[in-house]
Amino acid sequence: MPELPEVEALKDFLTEHLVGHEIVRVLPVAISVLKTYDPPLTALEGAEVTAVHRYGKFLDVATDAGPHLVTHLARAGWLHWKDRLPDGPPRPGKGPLALRVALETGAGFDLTEAGTQKRLAVYVVDDPQRIEGVARLGPDPLAADFDEERLAALLAGERRQIKGALRDQSLIAGIGNAYSDEILHAARMSPFRLAASLTPQDVHRLYEALNTTLSEAVERSRGVAAGRLKAEKKSGLRVHGRTGEPCPVCGDTVREVSFSDSSLQYCPTCQTGGKPLADRRLSRLLK
């Protein structure tokens with residue numbers, strides 16, 4: 001799933017390639033991705049792109065005509081830039097193509113979604129705050145006013161495990177499964193630790209890890225073409241998606257805890273005092 005660093009890089013890429021250009025056609029291929037109907041998609045046609053913004057994991061293409069084209073790529077969605085779009089309209093079918101946006105230059109981009117769980121979302125709105133997912137977002141962790149004191153206030157009283165708290169978009173915007181694993185590894189903190197139990201020293205360590213992990217990921221992604229961002233993300237991850245590999249810090253084996261629809265990865269030596277975390281799903285399979 002694209003998270004804050006990748007969506008920030010896509011925002012920068014689209015700013016460079018879209019701003020100042022006219023949208024001549026928006027072609028829906030999978031109608032299910034459209035989550036709004038007023039204004040219609042046709043309201044974007046003939047409009048000039050004036051800016052591209054990011055809200056958490058949402059991308060917002062703003063136009064001089066008023067309407068915004070807002071996208072959430074969800075778990076398996078992606079944006080593919082094309083310097084020259086294919087001639088003729090795309091054909092609806094069982095392929096991954098969901099939406100095509102064409103510019104007056106002949107360039108444009110496709111939104112695609114792999115897999116069977118269709119969660120890619122596209123909105124056309126006069127104000128992005130009309131979108132429930134945008135309106136409920138917590139603060140952006142890379143904003144200038146997101147400091148250690150604000151993180152401490154957000155976590156105070158949180159009875160959830162810190163892994164779940166970091167992934168809650170209404171608490172902190174933009175962090176998903178992968179970067180929460182990376183942040184907690186950098187902070188040397190168990191993903192099962194209760195957020196409310198963190199001491200001021202713990203919060204300091206977590207804040208430093210959060211800021212460094214996300215900032216470095218954004219810098220690695222900056223200037224990378226849209227088509228190579230997925231590979232760039234994977235290459236920079238130290239524990240997420242690396243079950244069975246050696247931890248790059250201590251050499252211990254990276255372990256995994258599985259859930260019904262996701263998993264987390266961690267290093268026992270770095271994060272849990274050398275003790276493996278309980279994996280109830282695996283335990284059931286072994287009985």
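## A helix across the sheet

Helix H1 lies across E5, strand E6 (97-103) and E7, and runs at about 25 degrees to E5. Here, contact means heavy atoms within 4.5 Å; axes are lines fitted to C-alpha atoms, for helices over the stretch in contact, with angles from 0 to 180 degrees between N-to-C directions. Helices (H or I, at least four residues) and strands (E, at least two) are DSSP runs numbered from the N terminus.

This is a predicted model, in which local features need pLDDT of at least 70, side-chain atom pairs count only at pLDDT 80 or more, and totals for chains, interfaces and linings use all residues. Residues are numbered from 1 along each chain as its sequence is written, and side-chain values use heavy atoms, leaving out hydrogens and water.

## The open sheet

The antiparallel order E1-E6-E7-E5 makes an open sheet of 4 strands, where strands pair if DSSP finds at least two bridges between them. E1 (23-28) and E5 are the edge strands with a single partner each, so one side of each has no neighbour in the sheet.

E5 pairs with strand E7 (residues 108-113) over 6 bridges; His-80 has Asp-110 in E7 as its bridge partner.

## An aromatic tie

Which kind of pair do Phe-13 and Trp-81 form? Their ring centres are 5.9 Å apart and the planes stand at 75 degrees, so the pair is edge-to-face. Rings of Phe, Tyr and Trp (its six-membered ring) pair if their centres lie within 6.5 Å; planes under 30 degrees apart count as stacked, over 60 as edge-to-face and the rest as tilted.

Phe-13 sits in H1 (residues 4-18) and Trp-81 in E5 (residues 77-82), so the pair ties together parts 68 residues apart in sequence. Both Phe-13 and Trp-81 are buried (under 20% relative accessible area; exposed is over 50%, partly exposed in between, with a 1.4 Å probe and protein chains only).
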